[in-house]
Amino acid sequence: MQVSDHPDYRRTVETSSTTPDLTPDRATGLTPEQKRAAHAAANPDLSERLDAMAWHCTQEAGTEQAFTGIYWDEKRAGTYRCASCDATLFDSDDKFDSGCGWPSFTAPTHDRPTGEDVVDARTDSSHGMVRVETTCSACGAHLGHVFPDGPEPTGDRYCINSACIILEER
Ligand SMILES: [Zn+2]
């Protein structure tokens, strides 16, 4: 689904709920947690390939500190791949300087030939806020969140942990 269609996309209501939203992906019927479990089972070396921060962010829905990741100020051209499964997720053409301390994109990559979403979105009610969490649609890795305060043309700000992506320069 398009993020702009997400029912909680425009919500800024604060909530005290900490119950995770386990709404499954419409396309596969799988939650990100189920995708992560399947991916980890099929890739037993995953915990060795990912460093501690990458594991925390992608597998435990963690967040790196602002301005600490390696890509928040990255300007090189290239493709950003999923640190967990190598899927193509973002392109430097869509990257912009948001000033928030995390790499920010106006949209996921448009390169995927199937037309399927490369990034899934769902409601995240943790930490006393209602946000829209983004995950890799292929492996379920947590990536970050998407906010409705990005620049044109999409108006979206995909706020992504550096630890969850790997730049492949071109
Ligand atoms: Zn992935």
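Trainee: Which residues does leucine 89 touch, not counting residues up to four places away in sequence?

Mentor: This is a predicted model, in which local features need pLDDT of at least 70, side-chain atom pairs count only at pLDDT 80 or more, and totals for chains, interfaces and linings use all residues. Residues are numbered from 1 along each chain as its sequence is written. Two residues are in contact if their C-beta atoms, placed from the backbone, lie within 7 Å. Leaving out residues up to four places away in sequence, the residues that leucine 89 touches are Tyr80, Arg81, Cys82, Pro108, Thr109, Val118, Val119, Cys136 and Ile165.

Trainee: In what order do the elements of the chain run from the N terminus on?

Mentor: Helices (H or I, at least four residues) and strands (E, at least two) are DSSP runs, numbered from the N terminus. The chain has 3 helices and 9 strands, and from the N terminus on their order is α-α-α-β-β-β-β-β-β-β-β-β.

Trainee: What percentage of the residues of the chain count as buried?

Mentor: A residue is buried if 20 or more other C-beta atoms lie within 10 Å of its own, exposed if 12 or fewer, and partly exposed in between, with C-beta atoms placed from the backbone. Of the 170 residues of the chain, the buried share is 34%.

Trainee: Which residue in β9 stands opposite cysteine 82?

Mentor: Two strands pair if DSSP finds at least two bridges between them, and 3 strands form an open antiparallel sheet in the order β2-β1-β9. Its edge strands, β2 and β9 (165-169), each pair on one side only. β1 and β9 are joined in the antiparallel sense over 5 bridges, and in β9 the residue opposite cysteine 82 is isoleucine 165.

Trainee: Which strands stand at the edges of the sheet of 6 strands?

Mentor: This open sheet has the order β3-β4-β8-β7-β6-β5, with antiparallel pairing. The edge strands have a single partner strand each, so one side of each is left without a neighbour in the sheet, and these strands are β3 and β5.

Trainee: How does phenylalanine 96 count: buried, exposed or partly exposed?

Mentor: Phenylalanine 96 lies in strand β3 (residues 95-96), which pairs with strand β4 (residues 104-105) in the antiparallel sense over 2 bridges. Not counting residues up to four places away in sequence, phenylalanine 96 touches Ser104, Thr106 and Pro151. Because 14 C-beta neighbours lie inside 10 Å, phenylalanine 96 counts as partly exposed.

Trainee: What arc do the buried residues of helix α1 cover around the axis?

Mentor: In α1 (residues 32-42), the buried residues are Pro32, Lys35, Arg36 and His39. The arc is that of the directions from the helix axis to the C-beta atoms, and these residues are on the same side of α1 because they cover an arc of only 100°.

Trainee: Which elements do the buried residues of α1 pack against?

Mentor: One of these elements is a helix and the others are strands, as their labels show. The buried residues of α1 pack against α3 (52-60), β5 (119-124), β6 (131-136) and β7 (142-147).
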